[in-house]
Amino acid sequence: MVSETSSGLWCAAGGFHIDPWDPVARAVITHAHGDHARPGSAAYLCAAPCAGLLRRRFGGDVHIESVEYGRSLTLGGVRISFHPAGHVLGSAQIRIESKDGVTVVAGDYKRAADPTCAPFEPVRCDTFITESTFGLPIYRWDETASVIADLATWWRTNADAGRTSVLFCYTIGKAQRLLAELMRVTDRAIYVHGMMLGMIEAYREAAVAMLPVTPVIERAGPTRRGTSAASSFAGELVLAPLSARGTPWMRRLGDVSDAFASGLMRVRGVRRQRGFDRGFVLSDHADWPALLQTVEETGASRVLATHGYAEPLARYLAEHGLDGGIIRTAWEGEGMGD
Ligand SMILES: [Zn+2]
Ligand SMILES: [Zn+2]
């Protein structure tokens, strides 16, 4: 029902692509991350809570239609519906039904609770197309509450030493999840890099409860080394995108301890190689046990893995009696695993 093309997944019977990486006539989008929602298509269709994020990414004059979770509509010869994926605000699994059966394209998903989006909903199907960003047995996540407690301790220790805590994280999803989860430990405003303001605003428009934020504003005039202005962020927590790391923007933050919040931080070698002072293992993707649990809950007899460690996951599933395969994407490798 769904086939691979040079632009991405294509449903011929329905006349649409799913998360295409080239501009197409009709793009059905699982979620607003850059490796799934690309600009330039003539028309977009997404889950209702995703539309605000897409508009911010693509601008106002782009043709974006959205549909509530669970409501099905007919496109060509198929019925399609969107079901919560629990990954980021508006993220959806796409269920496609025809006379040949049911296919679900999961997009990115997670099973851990996340106060910023609707929880993942298992959907029964014949063919399940799963992500595999962390599709290796080494990837297992700790309880979010304990990760947040560790983060609060790191922040407090830095504050006692007069340092600024800089936490790098993904701009869509992770930043907002941190701002929501940190309500467990503080009610203070959190400083954020200006690049994050737009998406935080989009989440607030969707009524997601988060801590207040203050943008780190460019100060007028040069800041002299050793002046108190340079260290006025001491004791504060600052969220920033990875792209800000090592840029002059960092200088105004004074003496910093830096950390990265990502599933990638599970692997000590990666943490050391990237040179962060700390790593907090907080992912918006399913870990290994959650991938296997999800595959089982779908009841699918055919499972295709994509986005990440597709081969190891497909091999494991094939060894366990499923018809497993892989789908290649334009986004293999570094950078997309959050
Ligand atoms: Zn994603
Ligand atoms: Zn992705």
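1. Basis. In this predicted model, local features need pLDDT of at least 70 and side-chain atom pairs count only at pLDDT 80 or more, while totals for chains, interfaces and linings use all residues. Residues are numbered from 1 along each chain as its sequence is written, chains are lettered from A and ligands numbered from 1 in the order in which they are written, and side-chain values use heavy atoms, with hydrogens and water left out.

2. Zinc ion (ligand 1). Its protein donors are His-31 (NE2), His-33 (ND1), His-87 (NE2) and Asp-108 (OD), lying 2.2 Å from the metal. Donors here are N, O and S atoms within 2.8 Å of the metal (3.2 Å for Na, K and Ca); water is not among the atoms, so sites may look incomplete. Along the sequence, these residues follow the spacing H-x1-H-x53-H-x20-D.

3. Geometry of that site. The angles among the 4 donor atoms of the zinc ion (ligand 1) run from 91 to 164°, and the site is irregular. Four donors count as tetrahedral if all angles lie between 85 and 135 degrees; four count as square planar and six as octahedral if opposite donors are over 155 degrees apart and all others between 65 and 115; anything else is irregular.

4. Zinc ion (ligand 2). Asp-35 (OD), His-36 (NE2) and Asp-108 (OD) coordinate this ion at 2.1 to 2.4 Å. The sequence spacing of its donor residues is D-H-x71-D. Asp-35 sits in the loop between β4 (26-28) and β5 (43-47), and Asp-108 in the loop between β10 (101-105) and β11 (127-132); the pair is 73 residues apart and links distant parts of the chain. Strands (E, at least two residues) are DSSP runs numbered from the N terminus, as are helices (H or I, at least four).

5. Asp-108 bridges the zinc ion (ligand 1) and the zinc ion (ligand 2), which lie 3.5 Å apart. Asp-35 and Asp-108 are both buried, and His-33 is buried as well. Buried means under 20% relative accessible area, exposed over 50%, and partly exposed in between (1.4 Å probe, protein chains only).

6. Cysteines. The structure holds 0 disulfides, a disulfide being a pair of cysteine sulfur atoms within 2.5 Å. Cys-11 is buried, with a relative accessible area of 0%, and Cys-125 is buried at 7%.
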